[in-house]
Amino acid sequence: MSNPYIPNLAVIRRVITENEVNDIKTFELVFQDPEAMKNFKYRCGQFAEISVFGAGECPIGIASSPMDEDYIQFTVKKVGVVTTALHNCEEGTVVGVRGPFGNGFPMEMMEGRNVVIVGGGFAFTTLRSLTKFILHEANRDRFKDVTVIYGARNPGELSYKYDLEAWGKRDDINLNVTIDIAVPGWTGLVGFVPAVTKQVAPSSENAIAVVCGPPIMIKFTLPVLNELGFPPEDIFLSLEMRMKCGIGKCGRCNVGDKFVCKDGPVFAYKELQIMPKEY
Amino acid sequence: MKWKVVEKSKMPLLIEELTKEHEVFAPVKKKSLVSFERVSSGNETYLDFQNTKTPPKEVFFPQTEILFTYRVGKKGVEIGEAQAPKRKMVLLGVRPCDARSFVLLDKFFSSGENKDLYYLEKRKNTTTIGLACNHPLSTCFCTSIGGSPFGKEGVDLLLQNINDKYLIETVTEKGEKLIEKLPWLKDAEKADIEKTKRLSEDAEKAIRSKVSVKGVSEKLDRMFDDPVWDHIHQKCLGCGVCTFLCPTCYCFDILDEETEEGKRVRIWDSCQFPCFTLQGSGHNPRPSGKERMRQRIMHKFNYSVKNFGENFCVGCGRCVRECPVNLDIRETVEKISTRQV
């Protein structure tokens with residue numbers, strides 16, 4: 001039996017600064033042991049525990065796509081002890097990775113259906129994984145129309161600008177990038193994510209919606225999706241909770257009798273409706 | 001099932017023999033505090049207690065435990081020894097309520113895809129010797145919650161105190177194997193065995209606290225938003241002693257100590273602390289004592305029932321005895337069970 005508390009060692013191969021404020025960075029990691037790299041099979045929407053030795057461990061959603069086989073990426077905002085230590089790491093630093101953990105998005109359910117991806121702020125990380133996965137040439141045919149609505153406070157706060165640019169050139173994705181308030185030089189959409197979702201009005205016909213973002217965005221986006229005809233069982237959300245072990249043992253991330261780390265982090269809105277509102 | 005007998009004066013000898021092949025943990029008295037410690041001789045052990053101040057869970061799930069060591073150098077990171085070498089242990093003098101907590105913790109730590117080997121290995125390598133409870137305390141309520149003063153759940157052998165001797169009842173094969181190593185133990189006499197039955201009945205009768213947990217889990221299903229939580233937590237200080245001393249509480253934190261040659265440790269944590277659920281963004285899903293008290297009660301009497309089919313409480317009464325503001329879990333459960341919802 002393997003010990004789930006022992007991390008695999010990985011090297012930071014590349015660090016990408018994602019935003020103007022410089023508090024969101026994407027870390028590209030490669031496991032030191034090629035076997036570990038091969039064995040790290042994950043689904044979109046799962047997370048891993050990242051160790052910065054001496055600072056500790058924290059759970060981070062996986063931002064790369066499962067199709068990216070020779071590296072994994074994590075997009076991290078600098079907020080606490082471990083994330084700050086990670087931000088101070090240079091390329092070449094060895095860190096630890098445990099995982100993947102959690103259930104991930106319901107990919108099987110999405111196959112053969114339209115997919116609506118709604119994200120706000122830096123919570124877009126696992127949605128980026130999902131979008132990248134669906135758009136991969138080996139997968140694209142298995143999904144129908146893909147609509148992405150992604151909002152940030154201002155253009156400088158948008159993550160993955162390199163992906164957004166590439167996706168914007170494709171005709172097999174309906175990409176809607178919005179910022180909260182108009183600024184000179186911005187030619188894209190302006191407005192909060194819920195309003196833009198209403199404007200874009202993706203059809204709920206044979207569709208699944210996946211929503212990640214700050215609580216306020218989720219609060220106002222759910223009624224819009226409801227108006228558009230999405231039933232609660234076809235809307236999926238990824239919950240945020242303080243976690244330590246990632247395997248349902250340390251006892252802090254429960255919402256009712258469910259552990260966000262192992263029963264989630266992805267829940268159907270229908271499940272959340274019957275769970276206590278304690279997240 | 002076998003019954004052996006040992007005179008109290010011979011207990012130090014018995015313990016001494018056990019220490020030859022095992023690490024022995026037993027109650028030790030330091031001033032007024034009785035807790036489980038590693039003993040190297042029979043004379044250190046103290047068995048005339050009602051119950052220990054701290055629960056024996058710390059033998060299998062220490063307050064601070066090294067998960068692994070690491071060394072950060074110029075050439076990268078090395079991860080060292082993950083666990084102490086396997087050693088055979090004997091845990092002696094556990095009250096039946098506390099022994100029952102092991103049965104609950106076993107279910108928890110072995111659940112799911114990822115088992116907790118740190119706890120499970122120690123449990124597997126340990127022979128647990130219980131100590132039946134002749135004189136329960138006024139705060140005891142094991143009989144209300146599935147246990148009894150002479151209960152055998154979670155023990156391999158059960159010591160029963162009769163005047164100047166202990167009867168030793170074998171409960172499991174593991175216990176029997178340990179007994180085989182002590183061939184000098186005499187067989188118990190029938191009259192003494194009869195006497196333990198009477199003692200057991202008397203002890204049960206001595207437990208006056210009755211708590212009705214029946215139906216509490218179902219009620220709690222409908223009580224998440226009940227006004228009862230607005231009142232129960234009011235006098236709580238949030239000190240967390242109820243969770244630290246609870247034999248079934250298992251929540252922990254994981255952190256790193258030292259930077260270059262360091263260790264990753266897990267330490268006990270408590271759902272009663274504000275930081276327990278505080279997120280990086282500053283958001284806290286359990287911002288006040290109300291939500292934290294509700295979590296503790298819900299976890300013990302509802303969530304655990306759903307996940308493991310058990311109330312995570314053994315009725316030891318430590319949280320009642322040690323609470324600095326006299327919060328009483330029996331009263332809380334009573335309030336819930338009498339509420340019309």
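**Entry 1: a sheet in chain B**

I began with the sheet of chain B, where four strands lie in the order β5-β4-β12-β11 as an open sheet with antiparallel pairing; strands here are DSSP runs of E with at least two residues, helices are runs of H or I with at least four, and both are numbered from the N terminus. I took two strands as paired if DSSP finds at least two bridges between them. Since β5 and β11 of chain B stand at the edges with a single partner strand each, one side of each is left without a neighbour in the sheet. On average, neighbouring strands of this sheet are turned by 25° against each other, with direction ignored.

I noted that the model is predicted, that local features need pLDDT of at least 70 and side-chain atom pairs count only at pLDDT 80 or more, while totals for chains, interfaces and linings use all residues. Residues are numbered from 1 along each chain as its sequence is written, and chains are lettered from A and ligands numbered from 1 in the order in which they are written.

I then looked up the pairing of β4(B) with β5(B), which run antiparallel and are joined by four bridges. There B:G73 has B:G76 in β5(B) as its bridge partner.

**Entry 2: where the chains meet**

I next looked up the contact between the chains, in which 36 residues of chain B touch 32 residues of chain A, two residues being in contact if their C-beta atoms, placed from the backbone, lie within 7 Å. On the side of chain B that touches chain A, β4 (64–73), β5 (76–79), β11 (252–257) and α10 (289–308) of chain B each supply at least two residues, and β11(B) gives the most, with five residues. I found that this side of chain B divides into 18 nonpolar, ten polar and eight charged residues, where Ala, Val, Leu, Ile, Met, Phe, Trp, Tyr, Cys and Pro count as nonpolar, Asp, Glu, Lys and Arg as charged, and the others, Gly among them, as polar.

**Entry 3: the domains of chain B**

I read the domains of chain B as domain 1 (3–206) and domain 2 (216–256 + 268–337), with bounds that come from an automatic or database domain assignment. Their centres, taken over C-alpha atoms, are separated by 26 Å, and the contact takes 22 residues from domain 1 of chain B and 19 residues from domain 2 of chain B. Helix α3 (residues 96–109) of chain B gives the most to the domain 1 side of this contact, with eight residues.

**Entry 4: two helix pairs**

I turned to α3(B) again and found that α3(B) and helix α4 (residues 117–124) of chain B pack at an angle of about 135°, with their axes 10 Å apart; axes are lines fitted to C-alpha atoms, for helices over the stretch in contact, and angles run from 0 to 180 degrees between N-to-C directions. That makes α3(B) oblique to α4(B), since angles under 35 degrees count as roughly parallel, over 145 as roughly antiparallel, 65 to 115 as roughly perpendicular and the rest as oblique. In α3(B), B:F102, B:L105, B:D106 and B:F109 meet B:Y119, B:L120 and B:R123 in α4(B), and the residues of this contact are five nonpolar, no polar and two charged.
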